[in-house]
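The sequence and the structure come first.

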Amino acid sequence: MDIEIKSQPFTRGELKKIKEGLRAGKIRRFSAIVSHYKLGFIHNALIAWKKKSVSTPLSQKLKDKDYISHIYLRKSNRLWPYGLYTMLHAQSREELDICIKELSRLLRGCGYKALTTVKEFKKTSFSPDSPD
């Protein structure tokens, strides 16, 4: 749900709905999402890593990296052996390359494919109640 910035952003009914969502486990947390493009983070890449599993200590090290916004583990197959995905954001191509090299060392040199962003077509908050 996108929240309008105003002095009183929630009505009583909206607060009740939020509390119900928290109790039911439908809502985990609230956070602000900033436009990384407007902040100058215009060099982005989805890195697909040849990794089928990730230990808890390694996952924590990945989570601690400020330049990673998303981390996913998915099933790989013989045609596409990449199972771990990280989304990186940087202010320059050089900075992006440094981040990729740092992660490659952390992941002990496993193979990877860097899929750099060419153009963003859609970026919205997920809303299961939307009429689309």
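Along the principal axes, the C-alpha trace spans about 55 × 30 × 30 Å. The model is a predicted one, and local features are reported at pLDDT of at least 70.

**The sheet**

The four strands form an open sheet in the order β2-β3-β1-β4, with antiparallel pairing. Strands β2 and β4 are at the edges and have a single partner strand each, so one side of each is left without a neighbour in the sheet. From one strand to the next, the twist averages 20°. Strands β1 and β3 pair in the antiparallel sense over seven bridges. In this pairing, A45 stands opposite L88 of β3. Helix α3 packs on the sheet and touches β1, β2, β3 and β4. The direction of α3 makes about 20° with that of β1.

The strands have these residue ranges:

| Strand | Residues |
|---|---|
| β1 | residues 43-49 |
| β2 | residues 68-73 |
| β3 | residues 84-90 |
| β4 | residues 112-116 |

**The second largest pocket**

The second largest pocket has a volume of about 170 Å³. Which residues line the second largest pocket? They are K51, S53, V54, S55, P57, L58, K61, L106, L107 and R108. By class, five of the lining residues are nonpolar, two are polar and three are charged. Helix α2, which covers residues 56-63, gives the most to this lining, with three residues. L106 is also part of the lining, and helix α3 covers residues 93-106.

How values were computed. Residues are numbered from 1 along each chain as its sequence is written. This is a predicted model: local features need pLDDT of at least 70, side-chain atom pairs count only at pLDDT 80 or more; totals for chains, interfaces and linings use all residues. Side-chain values use heavy atoms; hydrogens and water are left out. On a 1 Å grid over the protein atoms alone, a cavity is a set of points where a 1.4 Å probe fits but cannot get out, and a pocket is an open set with protein on both sides within 12 Å along at least five of seven lines; lining residues have an atom within 4 Å of a point. Grid points are joined across faces, edges and corners, and a volume is the space filled by probe spheres set on the points. Helices (H or I, at least four residues) and strands (E, at least two) are DSSP runs, numbered from the N terminus. Ala, Val, Leu, Ile, Met, Phe, Trp, Tyr, Cys and Pro count as nonpolar, Asp, Glu, Lys and Arg as charged, and the others, Gly among them, as polar. Two strands pair if DSSP finds at least two bridges between them. Axes are lines fitted to C-alpha atoms, for helices over the stretch in contact, and angles run from 0 to 180 degrees between N-to-C directions. Contact means heavy atoms within 4.5 Å.
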